[in-house]
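Reader: I am new to this and would like to learn how to read salt bridges. Could you walk me through some?

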Amino acid sequence: MTVLHNTDGAPVIIGGGLAGLVTALALAPQPVLLLTNAPLGLESSSVLAQGGIAASIGADDDVSLHLADTLAAGDGLCDETVAAAILAAATAAIEQLVRLGVVFDRDASDNIALGLEAAHSRHRIVHAGGDATGRDIIRALARKACETPSITVIEATTARRLVVEDNAVMGVLGHTDRGPVLFATDRVVIATGGIGGLFLHGTNPAGSLGQGLALAARAGAVMADLEFIQFHPTALDNGSFPLKLISEAVRGEGAIIIDERGDRFMAGVPGAELAPRDIVARAVWRHMAAGHRVFLDASNVIGLDFARRFPTITALCREAGIDPVTQPIPIRPAAHYHMGGISVDKSGRTSIDGLWACGEAACTGLHGANRLASNSLLEAAVCGNWVAKDIAATASIRPRRPRLLPDRGAVRCDPASVRPILSRNAGVLRDGEGLRAAARALYPLAISQHVASDPAMVGLMIVIAALRRQESRGAHGRTDFPDHANLARRSTLRLDDALQTARGCVTEPVA
């Protein structure tokens with residue numbers, strides 16, 4: 001039996017990472033409910049972030065330079081107006097985090113220390129705890145949220161479906177250890193993070209399965225740029241799941257990429273190890289496909305106290321039996337960040353009334369076809385504030401109890417059958433034949449009541465978006481369409497359209 005939870009008209013935020021926490025804190029003292037599957041502050045991609053937050057606060061930097069780097073990495077698909085606005089809000093976002101208790105690393109003059117990462121033309125990466133930025137930020141914000149009377153945190157709760165009538169949100173159907181619960185509300189924020197858990201090799205928590213995308217897509221929301229998945233080129237290749245990230249900041253400090261023979265095979269590539277992530281990931285992928293092992297070597301970087309600058313990475317490597325101070329670190333590309341997501345406007349509004357999205361689950365247009373390093377935490381912090389401001393200006397109509405249709409979906413979510421399909425056919429390099437094969441394999445799962453239904457549905461939408469984009473651009477690399485199309489266009493997709501295209505793949509003859 002479904003229990004009705006009285007929200008008293010309060011907004012419901014789904015997700016306890018940076019975007020969700022910032023939204024909840026920015027709404028205070030307005031009451032909010034924050035639903036999280038795991039204990040607050042754990043099992044989010046934000047807490048794993050090593051590099052930091054990109055902000056043009058250095059004396060030699062400005063927003064225009066940061067924007068130019070962002071547009072270059074985005075390979076023609078960034079929404080320049082949105083990008084400029086988000087980047088311009090960086091200083092205020094950093095100041096807000098400091099007020100909320102985040103302690104950023106500082107230099108000898110007590111100025112915020114700034115690191116360098118790939119494809120940035122200036123040192124502008126604000127970090128905390130050396131390489132533990134996400135951990136330190138989430139700890140501070142989770143502590144603040146627990147101290148804030150207006151925020152009610154409901155843990156061990158999985159959002160199963162959005163209840164939508166006449167294209168307007170009426171509630172959230174969740175599942176707890178006591179059974180199904182209906183949260184009646186007309187204002188919902190999806191801040192559920194990314195999709196890295198849909199791949200065999202990923203750096204996100206294993207539970208990052210695109211749950212927010214599944215919620216929004218099944219409710220009829222428009223998705224955008226789903227085909228663009230960033231594969232981080234330097235995940236620690238030690239067989240763990242998820243793989244541990246070796247931050248781009250290590251290359252920013254001077255580490256190089258070599259193979260088992262010691263050859264620096266990226267030396268001739270423009271930008272070398274500090275080229276945009278899609279370029280580095282494809283180079284590493286191709287070298288591994290040719291039978292090589294690949295390593296990140298920081299052993300000869302002059303003046304780098306590796307263990308002090310990167311204490312988290314040092315500990316991760318040593319747990320794997322590697323001394324990063326003296327030994328090359330084995331690496332491989334891994335699914336890391338989704339540029340695509342739920343299509344939103346600048347205020348975070350989706351195509352469904354009363355539904356907002358922010359953070360990695362949303363697609364604002366900031367990242368285009370390829371995210372610039374450390375722009376993601378910035379986007380989560382800035383857009384969480386914008387969503388909160390818009391919600392605060394949107395009065396609740398105190399919705400009646402929605403008509404609740406039975407939820408026939410599986411309560412448990414298991415992506416095991418989806419991971420090999422996506423990894424094989426929708427990874428660093430794709431082609432039409434593989435994408436059609438993936439669609440044929442995913443379609444019956446997506447329309448079933450199987451435990452893999454939601455992961456398969458999200459994977460299917462990604463595959464169809466990739467199949468429709470007959471070019472290579474940014475993080476989307478097609479071996480059968482290796483060049484840019486003449487016109488750069490962002491993509492949009494609804495679930496019904498994806499299912500219709502997939503049915504065509506299922507019924508067409510297989511060569």
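**Reading the salt bridges**

Reader: What does Glu248 form with Arg251?

Author: Start with the general idea: side chains of opposite charge can pair when their charged atoms come close. Here, in a predicted model, Glu248 forms a salt bridge with Arg251, and their closest N and O atoms are 3.1 Å apart.

Reader: Where do Glu248 and Arg251 lie?

Author: Both belong to helix α8 (residues 248-252), three residues apart, which is about one turn of the helix. Glu248 and Arg251 are also both buried.

Reader: Why are Arg282 and Asp278 separated by about one helical turn?

Author: Because they sit four residues apart in helix α9 (residues 277-289). Arg282 is buried, as is Asp278.

Reader: Which parts of the chain does the pair Arg124 and Asp61 link?

Author: First the pair itself: Arg124 makes a salt bridge with Asp61, and the closest N and O atoms are 2.8 Å apart. This one links distant parts of the chain, 63 residues apart. Arg124 is in the loop between β5 (114-115) and β6 (125-126), while Asp61 is in the loop between β4 (53-54) and α3 (63-74).

Reader: Are Arg124 and Asp61 buried or exposed?

Author: Both are buried, meaning under 20% relative accessible area.

Reader: Which residues are linked in a network of salt bridges?

Author: Look for Arg160, Arg161, Arg218 and Asp454, which are joined in such a network.

Reader: And how many salt bridges does the structure hold?

Author: There are 22 salt bridges in the structure.

Note on methods
Residues numbered from 1 in each chain as written. Predicted model: local features only at pLDDT ≥ 70, side-chain atom pairs only at ≥ 80, totals over all residues. Heavy atoms only, no water. Salt bridge = Lys/Arg side-chain N within 4 Å of Asp/Glu carboxyl O. Helix = DSSP H or I, 4+ residues; strand = E, 2+ residues; numbered from the N terminus. Buried < 20%, exposed > 50% of the residue type's maximum accessible area, 1.4 Å probe, protein only.
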